[in-house]
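Here is my note on the model you asked about. Keep the picture open as you read, and look up each residue when it comes along.

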Amino acid sequence: MTDWRKVDWRERARELGTAASAGGAPVTYGLIALCSAVFLLSPLSGFNPVYGSSADTLLAAQAGYFERWGVIPSELAEGSARALLTPLTALFVHGSWLHLLGNMLFLYVFGAMAEERMGRAEFTFFYLLCGYFALVAYAVAHADSDQTLVGASGAISAVLGAFLYLFPRARVTSLFPFLFFLPLRFPAWIVLVFWFVLQWLAARSAGSGPGVAYLAHVAGFAAGFLYAWVRFRGGTRVKSPATATEGESQP
């Protein structure tokens with residue numbers, strides 16, 4: 001068993017970054033591939049001829065697709081077996097190309113190093129558990145809503161929360177609209193705390209209708225951070241500023 005007190009964390013940070021960039025995160029890349037394949041085969045992509053080509057046919061197919069695989073809070077509150085499975089299936093369903101690409105970018109940037117730190121099996125469990133929790137938390141808060149909820153945002157927010165605890169000083173390249181989208185490098189704790197505050201403020205003003213489920217982001221981020229804190233608090237976090245990753249400040 002590793003004695004974490006004797007680990008050279010600066011060197012360990014470099015090893016994790018190197019392993020992740022060398023393709024040592026198969027779960028992260030597998031999730032990206034799976035979500036992309038699901039979207040391409042769905043009626044949302046427009047590439048699957050099974051769903052027809054007319055606008056009316058596609059819209060009907062898309063509505064039925066969301067109802068089948070997405071979370072409907074009012075149905076989840078009833079507790080049926082099918083409804084209880086939808087927080088898992090919804091993690092792999094995305095509503096548009098922009099929704100998919102934004103989520104997969106963040107998973108690519110932050111998931112690889114988190115997976116290397118946790119290990120493949122635990123990262124898979126962590127991703128599914130926190131993603132499920134995030135969607136259920138949103139559904140509970142909007143138990144009367146009939147709007148479907150889909151996307152991996154809650155699970156990916158959990159990855160961001162865990163990353164904040166595990167790699168607080170890793171430097172990330174971020175684009176901030178109010179700074180004219182200049183690419184600037186900041187420690188992860190600044191970027192991710194700023195992102196969380198924005199999600200929290202948006203969640204307080206958001207309703208239960210169509211749009212971004214900010215509350216799921218907040219719940220996922222908090223769950224991910226708490227998971228990492230409970231699971232890894234006995235060791236030392238990777239605080240070395242030598243660890244580097246790149247990504248946007250907004251998912």
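1. Let us start with the salt bridges, of which the structure holds two. A salt bridge here is a side-chain nitrogen of Lys or Arg within 4 Å of a carboxyl oxygen of Asp or Glu. The background is simple: side chains of opposite charge can pair when their charged atoms come close. Please keep in mind that this is a predicted model, in which local features need pLDDT of at least 70 and side-chain atom pairs count only at pLDDT 80 or more, while totals for chains, interfaces and linings use all residues. Residues are numbered from 1 along each chain as its sequence is written, and side-chain values use heavy atoms, with hydrogens and water left out.

2. One of the bridges joins R231 and E122, with 2.8 Å from N to O. R231 lies in helix α10 (residues 214–232) and E122 in helix α7 (residues 120–141), so the pair ties together parts that are 109 residues apart in sequence. Helices (H or I, at least four residues) and strands (E, at least two) are DSSP runs, numbered from the N terminus. Are these two side chains buried or exposed? R231 is partly exposed, with a relative accessible area of 44%, whereas E122 counts as buried at 15%. For these words, buried means under 20% relative accessible area, exposed means over 50%, and partly exposed is in between (1.4 Å probe, protein chains only).

3. In the other bridge, E75 pairs with R82, and their closest N and O atoms are 3.0 Å apart. E75 is partly exposed at 29% relative accessible area, and R82 is also partly exposed, at 42%.

4. R82 turns up again where two helices pack. Which residues of α3 and α5 meet? E67, R68 and W69 in α3 meet R82, T86 and T89 in α5; contact means heavy atoms within 4.5 Å. Helix α3 covers residues 55–69 and helix α5 residues 81–89, and they pack at an angle of about 105° with their axes 8 Å apart. Axes are lines fitted to C-alpha atoms, for helices over the stretch in contact, and angles run from 0 to 180 degrees between N-to-C directions. The two helices are therefore roughly perpendicular to each other. By the cut-offs used, angles under 35 degrees are roughly parallel, over 145 roughly antiparallel, 65 to 115 roughly perpendicular, and the rest oblique.

5. Now look at I72, in the loop between α3 and α4. I72 is buried, with a relative accessible area of 9%. Leaving out residues up to four places away in sequence, I72 touches E67, S145, D146, Q147 and T148. The C-alpha atoms of I72 and A83 are 7.7 Å apart, and these residues are eleven positions apart along the chain.

6. Back in helix α10 you will find F232, which is buried at 7% relative accessible area. Which residues does F232 contact, leaving aside neighbours within four places in sequence? The list is R117, M118, E122, Y165 and L166, and E122 is also the salt-bridge partner of R231. R117 is 115 residues from F232 along the chain, yet their C-alpha atoms are separated by 9.8 Å.

7. V38 lies in helix α2 (residues 26–41) and is partly exposed, at 23% relative accessible area. Not counting residues up to four places away in sequence, V38 touches Y65 and F92. V38 and F92 are 54 residues apart in sequence, and 6.9 Å separates their C-alpha atoms.

8. I190 is in helix α9 (residues 188–205) and counts as partly exposed at 32%.

9. Finally, the whole chain. It has ten helices and three strands, and from the N terminus the elements run α-α-α-α-α-α-α-α-β-β-α-α-β. Of its 251 residues, 45% count as buried. Among contacts with a separation of 6 or more, 75% join residues 24 or more positions apart. The chain exposes about 12,400 Å², and carbon and sulfur atoms supply 64% of that area. Accessible areas come from the Shrake-Rupley method with a 1.4 Å probe; for residues, only the protein chains shown count as cover.
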